[in-house]
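Here is a short tour of a model you can follow on screen. Keep the viewer open as you read.

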Amino acid sequence: MLTLTLPAEVVDSFKQIAGSSNVLTDVEDTFVYSRHKLNSIQPTLNVQAVVRTGSQTQTQEIMRTCRKEGILVTQIEAVDQVIGRPPIVIVDDRPQPQLDPVAEPMAHMMSLMSQVTTGGVLNHALALCLKLDSRPASKCAECNTCSSYCTVAPSFNGIETWSAKGRIMVTRAVTGNTLPISQKATDVIFNCSLCGLCFANCLPASETHDAIRAVRHRLALQGLTPSSIEAAAGNITRVGDPSGTPPTNRLRWMKQTPELYTRRQRTKARVLYWIGCTVATRTENTPRAITRILNYGGVDFTTLGEKEGCCGYLLLATGLWEKAKANAEQLIEKVEASGADTLITSCSGCYYTFTKLFPKILNIDTPFDVFHTSQYLRNLLRDGLLHLGNAGGKRVTYHDPCSLGRHARVYEDPREVLKRIPGLRLVEMQLNRTRARCCGGGGGLWTINNKVSLQTGIDRLKADAAPLKVNSLVTGCPICQLNLRFAALRSRVPIKVLDLGEVVENALLKND
Ligand code: SF4
Ligand code: SF4
């Protein structure tokens, strides 16, 4: 005779075996795991609890406990054999998801093959129907391919609710009112770096990050934005910087190097160097380097100094779109007043915001051309305006920021810049370009869950960069730079983390 509800003492014994955080009974967890069967667009399992086990011994103990109590239990890989909808306990004993650069393409192929052989007709019909539907989350066929690519999943012990598939299911369910909005659902939705790795590996190309941003907007409209994000948003409105750094601090690097800056400072100029709040106050070597390079190349440029403010990436990523719109309108007025028709920025987040998020979310097209510094430096180099000396055989690798790479498709410009430096050896990490592992800093994750952010950065450095024995890791984003620098310090990986501008500046031959 099967038990219909799970006695509390049985749940307690599960916790003793696997640890409390690995015994999942919340409605969000049972919802996600209830659809684990292939092609299960409707819930097919009556899940009472899920136990995430970390060893064979734990799995066997859970199975034994259930059988002794007359509770139907199944290991996750055998859920397809459960007939009907009896109440069950699922033991999720799969290994931790890992971005394994060698096995990855094969795993992806195997996953697609298994869909074709065990229900391909339905899946393809579904994919076709969903392609006709423009709502991004609705394309998801719940195949689970993306979960093994999810940036944050390892930090949550690979529990499906916190993986890409689980997050998209919770997003879709909250949007469609299938699940109530709860603290847990909100946490699942916000513990995501919007890196787009799931999207890049999704067969029906579910725009998972778009759907997650959209549900965050819905939560914002109901006043359910996490308080740490609200505080950062308040700082943007108050002082033009999510961290609350006063505007006068933006001039610190300029004051230290007036000879580099003032010679070219104008109130109006054709080119505006948009430094970005994080770059101006926390990675000050970058504007110093870019300013020197622009001066060297004879570029007539200006900056907005204290008046610059924030591009509003954090507001757009976390669903505070009304605030983002007001911020964007002010920003465009300021840029127009500078007389510039070209804006260059060292921040991949600013670049993504101006070129993709403004038009997509706010329906705003910037009335000026926007370049990331990697693109602008490539042009200066192609035009022969920068003369570079020999880098003496230094080995570097390039980290693709998600905002610049996967989201804005700027992959080759920074690489061309590095390759144009004589004597510099560019060595690629195996996970590069569309498949690059995230640094962990984007999408508001840094503000929401700094621990997960840092761990992701450590994984990127240790697993991907350290084996290359490079002197430096180069990137084009201040958040990547800071997060990976903290990661290098914390994990004692002896790799310098630099902005592309710093590497070019170091190679400039003296003539200015
Ligand atoms: S988002 Fe794409 S890869 Fe992930 S479960 Fe859905 S269909 Fe599969
Ligand atoms: S965007 Fe990145 S962190 Fe978010 S669900 Fe997708 S893979 Fe995971």
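Let's start with one pair of residues: Leu272 has Thr302, in β6, as its bridge partner. Strand β5 (residues 271-274) is joined to β6 by 2 bridges, and the two run parallel. Strands here are DSSP runs of E with at least two residues, helices are runs of H or I with at least four, and both are numbered from the N terminus. Two strands count as paired if DSSP finds at least two bridges between them.

The model is predicted: local features need pLDDT of at least 70 and side-chain atom pairs count only at pLDDT 80 or more, while totals for chains, interfaces and linings use all residues. Residues are numbered from 1 along each chain as its sequence is written, with chains lettered from A and ligands numbered from 1 in the order in which they are written.

Which strands form the open sheet, and in what order? The 4 strands follow the order β6-β5-β7-β8, with parallel pairing. At the edges, β6 (301-302) and β8 (369-372) each pair on one side only.

Now to ligand 2. Its shell has 15 residues, of which Cys150, Ala164, Cys192, Cys195 and Cys198 come nearest; a residue is near if its C-beta atom, placed from the backbone, lies within 6 Å.
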